[in-house]
Amino acid sequence: MKRSRNVKIVATLGPASDTYETIRALFEAGADVFRLNMSHGTQAEIAEKHAIIRQVEQDLGRSIGILADLQGPKLRVGVFAKGEEELVPGAAFRMDLDGAEGDLSRVCLPHPEIFAALEPGAHLLVNDGKIRLKVVRCGADFADCEVVIGGTISNRKGVNVPDVELPLAALSEKDRADLEFACGLGVDWLALSFVQRAKDVFEAKGLADGRAAVLSKIEKPSAVERFSEILDASDGIMVARGDLGVELPVAAVPPIQKRLVRKCRAAAKPVIVATQMLESMIDSPMPTRAEVSDVATAIYEGTDAIMLSAESAAGSYPVEAVQTMDRVAVEVEADPTYAQIIAASRSAKGDTVADAIVAAAREIAEKTEIKAICCFTQSGTTALLTARERPGVPIIALTPLPRTARRLALSWGCHCVLTSEQGRFKGAVVSAARAARAGGFASETDQIVVTAGVPFNVPGTTNILRVAPCDERLIYSTDPE
């Protein structure tokens with residue numbers, strides 16, 4: 001099932017997409033990776049969705065990536081005696097540790113770590129930033145605030161604290177249990193919420209112990225400030241624009257998105273742009289023009305993947321949302337301006353043999369009649385380096401490891417093919433030629449570029465580049481053993 005685009009689509013599963021028929025339809029419409037949101041549903045329900053995805057994978061014979069998104073530490077107010085209150089600008093309002101029901105003057109905020117970090121002048125944002133409170137006076141168990149932006153505050157609404165770094169671990173007890181559960185299922189990626197520092201990532205990677213790759217969600221100002229160290233520690237990145245747009249001025253989000261995408265590409269690590277991409281399609285079969293432009297902008301920037309959240313999880317048109325993303329991606333990537341932007345943003349990175357080989361493979365492919373770049377990979381690193389180049393021809397990643405193929409489902413341009421372990425280079429070239437022909441990327445009269453490492457089946461040994469014919473007779477008569 002050959003895709004007609006390079007950017008990947010991540011679709012979140014939920015009540016609107018929890019059956020075999022719908023999940024298969026989402027994949028056939030263009031979803032490459034499925035996101036399981038650990039904030040919603042029981043572990044039994046998550047396990048059921050995971051099993052369905054793997055059944056679809058088996059039935060269709062194509063590797064599918066699964067991303068488990070951990071909830072992270074959720075900060076919420078307590079409950080109100082009346083269920084809700086209306087705060088007006090200029091009024092005084094207290095948050096404290098008193099567990100009594102709230103009223104118009106106060107409410108419980110059961111997070112002592114917030115009060116420990118607060119200082120006068122800091123802001124508390126409630127209900128996705130719809131209510132803004134400024135801290136006037138605070139102590140170990142309270143914060144007296146002035147209402148800057150009023151509105152309706154109700155039971156258990158979320159709280160953001162953008163101005164201070166909270167002494168919170170990125171993994172709650174629930175997250176630790178969910179992480180172990182998800183790794184036991186065999187998910188390919190773990191998304192870590194509310195990352196503030198690199199050590200948050202190292203903790204999650206230590207617990208995952210190689211069973212899943214760790215993707216950091218960038219949704220706090222401190223994560224933006226420390227992005228380089230977080231990127232170094234992570235296997236991938238999600239630009240989570242929802243909370244990021246609450247904790248930072250919304251006008252700051254687009255340039256941050258652009259910078260983060262470019263840094264991820266330079267580091268050869270996959271990046272997802274997420275949140276509200278086709279928000280109106282939760283209720284409408286058609287997106288707004290602004291949403292289409294937003295999706296297109298992320299693709300023009302060179303992101304690896306674009307993501308649907310509620311659109312596919314709880315919306316009325318989940319399949320149509322995926323189809324819309326697919327059509328936009330195909331249209332953008334066919335635009336000559338897209339190739340110009342991608343080429344202009346390419347920068348030489350790395351000084352290893354593998355870096356040089358993938359750069360040469362891209363240049364040869366673009367200057368000749370090469371139909372595809374076929375790279376043999378154990379860990380996925382060679383495929384990621386090839387994807388960093390954003391070549392103008394398809395990337396066929398050949399690996400004997402299903403885990404590697406599934407993880408690469410998130411990476412730009414990678415068409416993953418499971419192959420047997422290789423022992424001789426000639427056999428590897430033959431396998432590459434067969435994969436290119438079988439996938440519809442090339443015919444017998446075409447040529448491909450093959451990259452591999454000798455000795456085979458050893459990660460990090462990419463050291464060979466071969467321009468090869470797709471005609472096996474020519475391979476057997478001309479290639480060395």
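This is a predicted model: local features need pLDDT of at least 70, side-chain atom pairs count only at pLDDT 80 or more; totals for chains, interfaces and linings use all residues.
**Exercise 1. Work out how H14 and H15 are oriented to each other.**

Step 1: get the geometry. H14 (residues 353-367) and H15 (residues 381-388) pack at an angle of about 50°, and their axes lie 9 Å apart. Axes here are lines fitted to C-alpha atoms, for helices over the stretch in contact, and angles run from 0 to 180 degrees between N-to-C directions. Helices (H or I, at least four residues) and strands (E, at least two) are DSSP runs, numbered from the N terminus.

Step 2: classify it. Angles under 35 degrees count as roughly parallel, over 145 as roughly antiparallel, 65 to 115 as roughly perpendicular and the rest as oblique. H14 and H15 are therefore oblique to each other.

Step 3: list who touches whom. H14 contributes Ala354, Asp355 and Val358, and H15 contributes Thr382, Leu385, Thr386 and Arg388. Contact means heavy atoms within 4.5 Å. Sorted by class, that makes three nonpolar, two polar and two charged residues. For the classes, Ala, Val, Leu, Ile, Met, Phe, Trp, Tyr, Cys and Pro count as nonpolar, Asp, Glu, Lys and Arg as charged, and the others, Gly among them, as polar.

Residues are numbered from 1 along each chain as its sequence is written, and side-chain values use heavy atoms, with hydrogens and water left out.

**Exercise 2. Find the strand order of the open five-stranded sheet, then place the helices that pack on it.**

Step 1: the order reads E19-E18-E17-E20-E21, with mixed pairing. Two strands pair if DSSP finds at least two bridges between them.

Step 2: the edges are E19 (414-418) and E21 (462-469), each pairing on one side only. On average, neighbouring strands are turned by 25° against each other, direction ignored.

Step 3: zoom in on one pair. E20 (residues 447-453) and E21 are antiparallel over seven bridges, and valine 450 sits opposite arginine 466 in E21.

**Exercise 3. Is leucine 133 buried or exposed, and what does it touch?**

Step 1: leucine 133 belongs to strand E8 (residues 131-139).

Step 2: check the accessibility. Buried means under 20% relative accessible area, exposed over 50%, and partly exposed in between (1.4 Å probe, protein chains only). Leucine 133 has 0%, so it counts as buried.

Step 3: go through the contacts. Setting aside residues up to four places away in sequence, the partners of leucine 133 include Phe93, Met95 and Cys145.

Step 4: follow two of those partners. Phenylalanine 93 stands opposite cysteine 145 in E9, and five bridges join E5 (residues 92-96) to E9 (residues 142-149) in antiparallel fashion.

**Exercise 4. Which class does aspartate 326 fall into by accessibility?**

Step 1: aspartate 326 is part of helix H12 (residues 318-334).

Step 2: its relative accessibility is 19%, so aspartate 326 counts as buried.

Step 3: beyond its neighbours within four places in sequence, aspartate 326 contacts Arg5, Ile9 and Ala29.
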